[in-house]
Amino acid sequence: MISALPATSLDFESLKVMTARPSWSLYFHVPFCSFACHYCDFVKTSRFDSNLTTKYFAALDRHTQYWLGNQNVGSGSIESIFFGGGTPGLFTHEYESILARLKEFSVPGVEISLEANPNDISKESLQIWRKLGFNRISIGIQSTSDRGLKFLTRDHNVSQATEAVRLALTFFENVNVDFIYGWPDQSMAEWEKDLEFVVQNKVPHVSLYNLTYEAQTPIGRAQKAGKISSMQADEEFERYDRACVFLGEHGFAQEEVSNWTKPGFSCIQNHRYWRSDYYIGVGVGAHGFIPNDSGIGLRYAYDSHIERFCADAEPKIVIDERNRQSWLMEYVSCRMRTTEGLNVKKINDEFDKSLNLDNEILRDALMEGRLVLRDNHLSLRPDELFREQAWTLKILENIKL
């Protein structure tokens with residue numbers, strides 16, 4: 001059940017647990033963009049001025065103080081910090097106060113990531129980010145095709161993307177690039193050019209997302225109206241499969257259906273999400289997952305109203321009241337996206353359920369190697385990860401609830 005909090009702050013006393021405090025990650029949502037891309041359904045706005053951004057960053061800092069105190073975040077317990085958006089790369093010194101506040105709570109060498117677009121990256125911005133403590137940059141390139149960039153309404157070109165990556169790697173060892181595949185009429189040659197960009201520019205981490213047509217976006221509405229024909233699923237799979245083979249040949253390990261890494265460059269923040277570890281989300285549209293007395297944990301989200309967030313002295317959030325069955329469903333769906341897979345023993349020990357692997361479909365998949373059971377972990381062969389949602393449903397059907 002989803003229920004909104006009353007017009008007062010969250011009663012943190014009801015959420016405290018009487019055990020040792022966990023380790024943490026923090027996510028900060030920065031909703032400002034120079035232009036709103038037509039495929040993106042994240043909370044964002046391109047209508048802002050310096051007055052609004054000043055108020056917003058002050059609110060981020062204020063809310064951060066509130067969460068740190070009320071969740072008893074201990075010294076040295078924060079493992080990763082991520083600024084997403086929106087376009088966090090539009091800003092530099094605005095992060096100084098928040099990062100300074102988090103320093104005493106963070107482990108040595110804490111991973112601090114910033115999302116940026118190619119046009120945000122300059123020698124000056126990179127120097128400032130590094131001085132502030134950022135050590136990981138994620139660059140939204142999305143395509144190296146002029147047709148792809150135009151369809152995705154990106155405001156950079158390939159030469160700008162190449163220079164941005166070159167500069168970023170000059171200042172930061174840990175750099176990720178994002179690409180989107182499956183846009184209308186994308187050729188295999190265009191997709192291979194994207195993959196070659198990763199290798200040629202010696203990028204150590206890459207995230208590849210198949211295009212989704214979200215209902216509230218311009219391209220989602222256009223598709224619904226029949227103005228856009230989406231790529232067929234078998235063609236999308238061909239692009240995904242080509243990425244698996246190509247990146248594997250060039251020393252990348254696949255971690256999840258959309259993420260590949262060179263050794264030593266795995267994203268800590270990603271793994272915390274995939275493992276359902278605790279994290280605090282701050283900002284409009286931000287989500288968080290914090291401990292509570294039930295032992296399940298509590299998910300919450302801020303709403304998407306920027307001015308209201310700026311005015312609130314304390315977090316006003318929506319709480320997701322989950323039961324153990326919904327938590328199990330989330331665990332299975334998250335873990336089957338990863339190459340590590342789900343822990344069958346955990347289903348028994350923590351959920352008091354059992355997975356029936358004698359089901360004909362699951363048994364045949366294990367015999368054929370499409371499913372792999374190793375050290376109590378059930379995972380999908382890389383090519384089957386593309387169909388992880390269907391496999392998740394089949395696995396849930398065979399857990400005795």
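Me: In which strand is Gln-142 found?
Reply: This is a predicted model, in which local features need pLDDT of at least 70 and side-chain atom pairs count only at pLDDT 80 or more, whereas totals for chains, interfaces and linings use all residues. Residues are numbered from 1 along each chain as its sequence is written, and side-chain values use heavy atoms, with hydrogens and water left out. Strands are DSSP runs of E of at least two residues, helices are runs of H or I of at least four, and both are numbered from the N terminus. Gln-142 belongs to the strand formed by residues 136–142, namely β5.

Me: Is Gln-142 buried or exposed?
Reply: A residue is buried under 20% relative accessible area, exposed over 50% and partly exposed in between, with a 1.4 Å probe and protein chains only. Because its relative accessible area is 7%, Gln-142 is buried.

Me: What is the phi of Gln-142?
Reply: Most residues other than glycine have a negative phi. Gln-142 is a residue other than glycine with a positive phi, near 75°.

Me: In which loop is Asn-376 placed?
Reply: Asn-376 also has a positive phi, of about 70°, although it is not a glycine. With a relative accessible area of 44%, Asn-376 is partly exposed. Its place is in the loop between β15 (371–374) and β16 (377–380).

Me: Which residues are joined by a cis peptide bond?
Reply: Most peptide bonds are trans. In this model a bond with omega of about 20° is cis, and it joins Gly-85 and Gly-86.

Me: Which residues does Thr-92 touch, not counting residues up to four places away in sequence?
Reply: Thr-92 is found in the loop between β3 and α2, and Gly-86 is also found in the loop between β3 (78–85) and α2. At a relative accessible area of 18%, Thr-92 is buried. When contact means heavy atoms within 4.5 Å, Thr-92 touches Ser-125, Ile-128, Trp-129 and Leu-132.

Me: How far apart in space are Ser-97 and Ile-81, C-alpha to C-alpha?
Reply: Ser-97 is found in helix α2, residues 96–102, and its 37% relative accessibility makes it count as partly exposed. Ser-97 and Ile-81 are 16 residues apart in sequence, while their C-alpha to C-alpha separation in space is 14 Å.

Me: Which backbone nitrogen does the side chain of Thr-45 reach?
Reply: Thr-45 lies in the loop between β2 (24–30) and α1 (50–70), and at 16% relative accessibility it counts as buried. Not counting residues up to four places away in sequence, Thr-45 touches Pro-31, Phe-32, Cys-33 and Ile-306. At 3.0 Å, its side chain reaches the backbone nitrogen of Arg-47.

Me: How are α11 and α12 oriented to each other?
Reply: Two packed helices are described by the angle between their axes and the distance between the axes. Axes are lines fitted to C-alpha atoms, for helices over the stretch in contact, and angles run from 0 to 180 degrees between N-to-C directions; under 35 degrees counts as roughly parallel, over 145 as roughly antiparallel, 65 to 115 as roughly perpendicular and the rest as oblique. The axes of α11 and helix α12 (residues 344–351) are 12 Å apart, and the helices pack at an angle of about 165°. α11 and α12 are therefore roughly antiparallel.

Me: Which residues of α12 do Arg-324, Trp-327, Leu-328 and Tyr-331 in α11 meet?
Reply: α11 passes α12 in a right-handed crossing, where right-handed means that the near helix is turned clockwise from the far one by less than a right angle, and left-handed anticlockwise. The four named residues of α11 meet Lys-346, Ile-347, Glu-350 and Phe-351.

Me: How are α11 and α14 oriented to each other?
Reply: The axes of helix α11 (residues 324–335) and helix α14 (residues 388–397) come within 9 Å and cross at roughly 140°. Their crossing is right-handed. Met-329, Val-332 and Ser-333 in α11 meet Glu-388, Thr-392, Ile-395 and Leu-396 in α14. α11 and α14 are therefore oblique.

Me: How many charged residues are in the contact of α13 with α14?
Reply: The axes of helix α13 (residues 360–368) and α14 come within 10 Å and cross at roughly 125°. Ile-361, Leu-362 and Ala-365 of α13 make the contact with Trp-391, Lys-394 and Ile-395 of α14. Ala, Val, Leu, Ile, Met, Phe, Trp, Tyr, Cys and Pro count as nonpolar, Asp, Glu, Lys and Arg as charged, and the others, Gly among them, as polar. By class, the contact has five nonpolar residues and no polar ones, and the number of charged residues is one.

Conventions
Polar contact = N/O pair within 3.5 Å; in protein donor to acceptor, adjacent residues only side chain to side chain.
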